[in-house]
2 protein chains.
Amino acid sequence: MNQNYQWYCEHLQKLADVNYSSSVLQWDMEVNMPPKGSDFRARQISTLSGISHDLSIDKKFGNILEKLSEDESLNETEKSNIRESLRDFNRNKKYNRKFVETLSKTISESVMVWTKASKESDFKSFAPFLKKLVDLKRQESELLGYQNHPYDAMLDLYEPKATTQEIDELFSGVKTWLVEFAKKISAKKQNEDEFMFMHYEKDKQWNFGIFLLKQMNFDFEAGRQDLSAHPFTTGFNSLDVRVTTRVNENDLNEMIWGCIHEGGHALYEQGLNSANYGLPSGDSVSLGIHESQSRLWENCIGRGLPYWKANFKKLQDLFPQNLAEVSVEDFYKAINVVKPSLIRTSADELTYHFHILIRFEVEKALMEKSIEVKDVPSVWNQKYKEYLGLDVPDDKNGVLQDIHWSYANFGYFPTYSLGSFYAAQFFSKAKKDIPSLEKNIENGNTKPLLDWLRKNIHQHGKRFSAAELCKRVTGEKLNFGFFKEYSKEKYSLLYHL
Amino acid sequence: MNQNYQWYCEHLQKLADVNYSSSVLQWDMEVNMPPKGSDFRARQISTLSGISHDLSIDKKFGNILEKLSEDESLNETEKSNIRESLRDFNRNKKYNRKFVETLSKTISESVMVWTKASKESDFKSFAPFLKKLVDLKRQESELLGYQNHPYDAMLDLYEPKATTQEIDELFSGVKTWLVEFAKKISAKKQNEDEFMFMHYEKDKQWNFGIFLLKQMNFDFEAGRQDLSAHPFTTGFNSLDVRVTTRVNENDLNEMIWGCIHEGGHALYEQGLNSANYGLPSGDSVSLGIHESQSRLWENCIGRGLPYWKANFKKLQDLFPQNLAEVSVEDFYKAINVVKPSLIRTSADELTYHFHILIRFEVEKALMEKSIEVKDVPSVWNQKYKEYLGLDVPDDKNGVLQDIHWSYANFGYFPTYSLGSFYAAQFFSKAKKDIPSLEKNIENGNTKPLLDWLRKNIHQHGKRFSAAELCKRVTGEKLNFGFFKEYSKEKYSLLYHL
């Protein structure tokens with residue numbers, strides 16, 4: 001074996017060991033840690049981050065990457081690994097320690113301030129920190145460089161190679177067609193969903209969630225589910241993937257969509273090739289592609305009628321007092337109620353994209369300095385009126401609802417919508433490739449779909465960029481058309497449009 | 001502040017961050033990890049160990065330690081920190097990478113082989129690995145150096161500054177007095193303990209264990225309890241201390257002694273000063289002193305009558321079907337049955353020390369080459385006959401029962417007995433210093449005892465060596481007399497001697 005390449009693999013795997021160790025500490029922090037442990041845990045994670053950063057910009061590592069990038073003896077996968085690693089190396093090198101430390105410190109402060117401010121609906125106290133963060137993110141985009149728009153550098157952190165212009169184009173479909181479509185639905189008689197908010201006992205919900213994960217072929221020998229305040233997925237290698245969920249006894253939706261959504265993320269992680277541990281070819285492509293996996297399972301499968309033909313009887317038997325009189329068709333209607341609302345995380349799968357569009361427009365405007373931080377609440381509220389027809393009563397239910405900005409995660413929100421659009425496009429192809437897909441799902445057999453995802457998406461890791469992967473799998477560039485068709489077909493029937 | 005000393009603190013705290021991160025990974029491995037995650041977890045822990053080792057022998061660190069060791073401007077605590085750190089540094093420097101890697105690899109193999117061999121009672125398959133380990137430990141003792149006996153170097157790893165001669169002296173009391181005392185007890189009518197092995201429901205046992213920990217003032221805001229195959233305590237700082245227990249539905253002893261024992265360890269960890277995080281003054285003294293804390297709570301308190309005067313009623317109410325007819329005195333007798341047995345971990349608090357004595361004698365003999373690995377089972381069995389009067393039926397119940405040797409933990413076992421002897425000596429002093437101690441315990445008030453331990457032992461960290469601490473607290477060198485008196489007083493009454 002090529003000695004340089006071997007050194008490269010070992011170095012990257014060491015780096016992975018450090019990063020995944022940090023992930024274990026973070027998982028534990030969310031799931032298990034007693035409250036007083038937080039300060040020392042923060043410094044332990046910070047020390048590991050420092051060690052990781054040093055390894056990621058190690059001089060010898062850089063030299064070997066340079067050599068390998070010109071080594072024609074490597075095979076295609078090896079070449080793509082080097083390409084990706086060199087890209088990361090060159091980006092990481094651009095950060096100076098002072099910037100990283102300032103950003104990290106500002107984030108810690110901002111998260112604390114946001115936590116209080118969001119509870120008290122007090123944008124004024126958060127504004128100076130948001131201003132600092134925006135200034136730092138503007139600095140960061142200059143530091144990293146970009147071609148056309150400073151926001152490109154932000155997007156690239158989460159969705160490599162995505163550009164502001166591409167997102168603009170995708171969202172033009174949301175702004176024109178989806179706004180009109182949602183209005184049409186709003187004019188119709190609303191479907192009933194009150195029974196979703198009756199009392200659902202915690203333990204039974206938990207067990208039902210585990211059943212759903214098993215049915216999705218989540219491998220419990222290579223992962224586990226726990227409870228946490230906000231559901232998330234993390235993995236320490238493809239053979240140890242952790243999902244969390246939450247259970248609200250007065251809203252059945254939270255557990256169900258949490259489980260299936262995180263389950264979709266987890267299947268991607270479990271589907272990465274463990275032989276490529278630590279290498280780009282063993283890593284997920286981008287947040288958008290990751291989100292496509294969670295949303296394909298959550299929305300395309302989980303909010304579909306065939307899925308509940310397989311599972312509703314079991315749910316009904318668990319909660320006869322709430323569901324005995326409900327038909328599977330009623331249930332299907334209830335879980336697909338479309339209704340503009342103020343809070344992103346509880347939005348339906350259509351109006352959800354207005355929430356993202358608004359955040360995207362605000363972030364872009366902040367980065368290009370066409371608005372300033374003090375203008376954010378009024379711009380926000382105006383856009384909620386425009387796209388959702390809603391008056392925002394206070395900042396708690398408005399501009400302060402999400403934690404992302406206090407973590408300086410600018411450029412992150414768009415990947416949620418990208419996920420839905422990719423999901424619709426992949427799902428359309430999967431249905432063509434697996435003629436019996438609907439029948440399989442009706443029978444609780446999710447294996448053929450998982451096999452398709454493994455083969456077409458999971459196993460490749462980062463061998464292809466998101467755009468290349470999409471083209472390879474679906475034959476087309478990512479576009480809004482598939483999501484539009486999917487939505488039209490589903491909701492026209494549901495709302496008799 | 002002294003700049004060198006500040007650098008030293010920051011370096012040690014970084015080292016602590018890495019080591020405690022590794023502890024989080026190990027805790028998770030025992031408590032949560034899905035089975036398939038083990039290989040990658042092993043390499044993650046190994047990478048962190050490597051990083052830790054590099055930091056621990058960092059050249060600049062060594063130079064600064066040298067300078068600080070001659071810096072008269074430091075205060076006493078600072079001086080003792082430097083003394084301890086320099087001692088660690090000089091020891092760590094003696095290990096070469098090749099030795100560490102060989103030992104680590106041999107341990108991994110040995111643990112696997114032992115796991116199988118101990119199940120199948122097959123010493124022959126384990127013997128070649130034990131031989132390799134003994135050879136490596138002999139090498140290690142030469143590498144580290146020692147004054148009188150190669151086993152001194154082994155003891156020093158777990159009980160700094162302890163010598164083979166000292167342990168020999170302590171155990172002379174076990175060999176002479178305790179052997180005779182246990183024989184006297186054996187000649188007496190045995191107390192009844194059958195009700196301890198009735199069916200005790202898991203959840204109720206768990207809740208009772210949590211109750212006991214709360215009563216001991218274990219801080220659940222700074223720690224938690226979980227289940228694991230073998231109970232253990234670990235901490236990631238004094239504000240995040242984790243204990244585990246196990247529950248056997250057919251043996252009430254396992255949960256109770258597991259909880260109280262680990263609780264004792266945990267109170268020590270929670271009692272270390274978090275302001276001294278990462279420094280010797282924020283670290284426990286030795287395994288022997290650590291074990292003194294677990295055994296003081298488990299044996300001196302937990303197996304005492306006052307403790308059950310406080311708690312038996314609650315236990316009885318939880319399990320009336322088993323305990324309604326049992327008096328607190330009967331219960332006290334049952335939990336103190338003395339009876340020679342083959343397995344160390346389920347031995348009573350007196351004959352326990354024969355198990356340790358045997359292991360100590362075997363280890364010492366192996367290190368000084370007076371026996372060879374092939375002789376170990378016959379020597380073992382002969383000693384069980386001599387000290388416990390028992391015939392060992394097979395190696396599974398004999399020489400293969402403990403995992404310690406496969407982890408190359410030679411020199412570890414004696415610290416268990418040291419713990420009991422220290423515990424008896426500390427307890428004797430605590431009773432003098434707190435005249436109401438027995439009354440407090442009877443009332444379920446363990447706070448005065450904990451305050452005493454905090455003040456006299458926990459808060460000091462490694463400021464004093466084990467020997468110095470013992471002298472400071474009790475006015476005397478560690479000796480077998482206190483354990484002898486404690487045992488005589490307690491068991492003469494229990495067995496009408």
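Which residues are exposed on the other side of helix 16 of chain B? The structure considered here is a predicted model, in which local features need pLDDT of at least 70 and side-chain atom pairs count only at pLDDT 80 or more, while totals for chains, interfaces and linings use all residues. Residues are numbered from 1 along each chain as its sequence is written, and chains are lettered from A and ligands numbered from 1 in the order in which they are written.

Helix 16 of chain B comprises residues 376-388; helices (H or I, at least four residues) and strands (E, at least two) are DSSP runs numbered from the N terminus. The 13 residues of this helix should span 18 Å at 1.5 Å a residue, and the end C-alpha atoms lie 17 Å apart, which agrees. The expected span is 1.5 Å times one less than the number of residues. A residue is termed buried if 20 or more other C-beta atoms lie within 10 Å of its own, exposed if 12 or fewer, and partly exposed in between, with C-beta atoms placed from the backbone. By this criterion V376(B), W380(B), Y384(B), Y387(B) and L388(B) are buried in helix 16 of chain B. Seen down the helix axis, these buried residues fall within an arc of 90 degrees, so they line one face of the helix; the arc is that of the directions from the helix axis to the C-beta atoms. An α-helix has 3.6 residues a turn, so residues three or four places apart point the same way. On the other side of helix 16 of chain B, S378(B) and K385(B) are exposed. The cover over the buried residues of helix 16 of chain B includes helix 8 (164-186) and helix 15 (352-367) of chain B. Just after helix 16 of chain B, G389(B) adopts a positive phi of about 70 degrees.

In chain A, three strands form an open sheet in the order 1-3-2, with mixed pairing; two strands pair if DSSP finds at least two bridges between them. Strand 1 and strand 2 of chain A stand at the edges with a single partner strand each, so one side of each is left without a neighbour in the sheet. Neighbouring strands of this sheet are turned by 20 degrees against each other on average, direction ignored. Strands of a sheet pair through backbone hydrogen bonds, either parallel or antiparallel. Strand 1 (residues 223-227) of chain A runs parallel to strand 3 of chain A, and five bridges join them; D226(A) has T244(A) as its bridge partner in strand 3 of chain A. Strand 2 (residues 233-237) of chain A pairs with strand 3 of chain A in the antiparallel sense over four bridges, and these two strands form a hairpin with two residues between them. The bridge partner of T233(A) in strand 3 of chain A is V243(A), and that of G235(A) is V241(A).

Helix 1 (residues 3-31) of chain A packs on the sheet, touching strand 1, strand 2 and strand 3 of chain A, and its direction makes about 145 degrees with that of strand 2 of chain A. Helix 10 (residues 252-271) of chain A also touches strand 1, strand 2 and strand 3 of chain A, at about 165 degrees to the direction of strand 3 of chain A. Axes are lines fitted to C-alpha atoms, for helices over the stretch in contact, and angles run from 0 to 180 degrees between N-to-C directions. Six of the six residues of strand 3 (residues 240-245) of chain A are buried, so this strand is largely enclosed by the rest of the structure. D240(A), R242(A) and T244(A) point one way from strand 3 of chain A, and V241(A), V243(A) and T245(A) point the other way.

Helix 7 (residues 150-158) of chain A is likewise mostly covered, with eight of its nine residues buried. These buried residues pack against helix 6 (123-144), helix 8 (164-186), helix 11 (287-301), helix 15 (352-367) and helix 17 (414-433) of chain A.

Between the chains, 30 residues of chain B are in contact with 31 residues of chain A, contact meaning that the C-beta atoms of two residues, placed from the backbone, lie within 7 Å. Helix 1 of chain B gives the largest share of the side of chain B that touches chain A, eight residues.
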